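Here's a quick briefing on some strands and a bit of surface. Have the structure open while you read.

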Amino acid sequence: MIISEASSDRVSLEEGETATLICNVTGIPVPNVTWYKRNNRKANGKKERIGTEGEVLVIHNVSRMCDDVYECFVDNGVPPAVSKAIRVIVNYAPEVTLPSKRIGQFLNRETILDCNIYAHPQAVTEWRRNGRALTKSDSKYDIEVYRNEWENSVTLSLRIKNLEKTDFGKYQCVGSNFLGEDQEEMTLYAKGVLIPPAHGLPTFSLTVGHVASTSHLVCTRPLAAAREC
């Protein structure tokens with residue numbers, strides 16, 4: 001049998017530390033203790049056997065990938081075999097990622113800037129512009145937060161309405177918790193910005209990827225419709 005009061009239930013630690021899981025058992029004959037990791041964060045969710053047999057499992061230099069449910073399985077050949085689940089929680093500072101560092105949109109349209117923040121405990125998140133936090137209280141913006149508990153991630157979505165010239169520029173996605181802060185910067189640039197005419201010809205700036213080229217367009221009046229006889 002497992003002596004619950006002398007065994008681990010929940011272990012919380014930071015990346016780089018050592019986790020010690022204890023499964024204290026008793027019985028005649030002396031039980032064998034084997035350890036499994038449930039791999040709840042993997043798509044297939046299959047648990048795997050880890051470590052060696054014994055009442056203590058030591059995990060050195062833990063990373064966020066060690067954050068999971070572990071199970072000690074106890075069997076001495078006398079039914080029933082028993083098991084105990086132990087939750088390991090790994091805390092780490094935020095890490096901010098962007099799907100793209102540049103995004104373009106036309107004037108008077110709306111656009112959405114997305115960023116992903118990985119952290120445990122979950123980070124305090126915000127979009128900033130010119131050092132100022134952007135909030136829903138400004139009718140210019142909508143902000144949505146999508147959480148994925150198993151991946152310890154947050155997608156922070158900033159919708160900017162009715163784009164004006166002053167809306168283009170740099171935006172910062174920021175995540176912070178008690179272990180630190182991280183941020184990444186995204187540039188919102190204008191697509192199809194008209195440039196003042198030169199030499200009497202209207203010009204049009206066409207942005208493709210990171211390269212801007214200028215095309216000269218000559219505008220003519222449509223032909224007048226033929227008069228019916």
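What follows goes through a strand pair, a surface patch and an open sheet.

Keep in mind that this is a predicted model. Two spots get the attention here: strand E2, which pairs with strand E5, and an open sheet of 5 strands.

**Strand E2 and its partner**
- E2 pairs with strand E5 (residues 56–59) in the antiparallel sense, with 4 bridges between them.
- Across that pairing, Ile 22 faces Val 56 of E5.

- Ile 22 belongs to strand E2, and it counts as partly exposed because its relative accessibility is 33%, which lies between the 20% and 50% cut-offs.
- Together with Val 56 and Val 58, Ile 22 makes up a nonpolar patch on the surface.
- The accessible area of those three residues together is about 210 Å².

- Strands in a sheet pair through backbone hydrogen bonds, and they can run parallel or antiparallel.
- Here the pairing is mixed, and the 5 strands come in the order E8-E15-E14-E10-E11.
- At the edges you'll find E8 (102–105) and E11 (132–133), each of which pairs on one side only.
- E8 lines up with strand E15 (residues 180–190) in the parallel sense, over 4 bridges.
- If you want a spot to look at in that pairing, Gly 104 has Tyr 189 in E15 as its bridge partner.

Technical notes. Residues numbered from 1 in each chain as written. Predicted model: local features only at pLDDT ≥ 70, side-chain atom pairs only at ≥ 80, totals over all residues. Heavy atoms only, no water. Pairing = 2+ DSSP bridges. Patch = residues over 30% accessible without salt bridge, like charges linked within 9 Å, V, L, I, M, F, W, Y side chains within 5 Å. Areas by Shrake-Rupley, 256 points an atom, 1.4 Å probe, with all protein chains shown as cover. Salt bridge = Lys/Arg side-chain N within 4 Å of Asp/Glu carboxyl O. Buried < 20%, exposed > 50% of the residue type's maximum accessible area, 1.4 Å probe, protein only.
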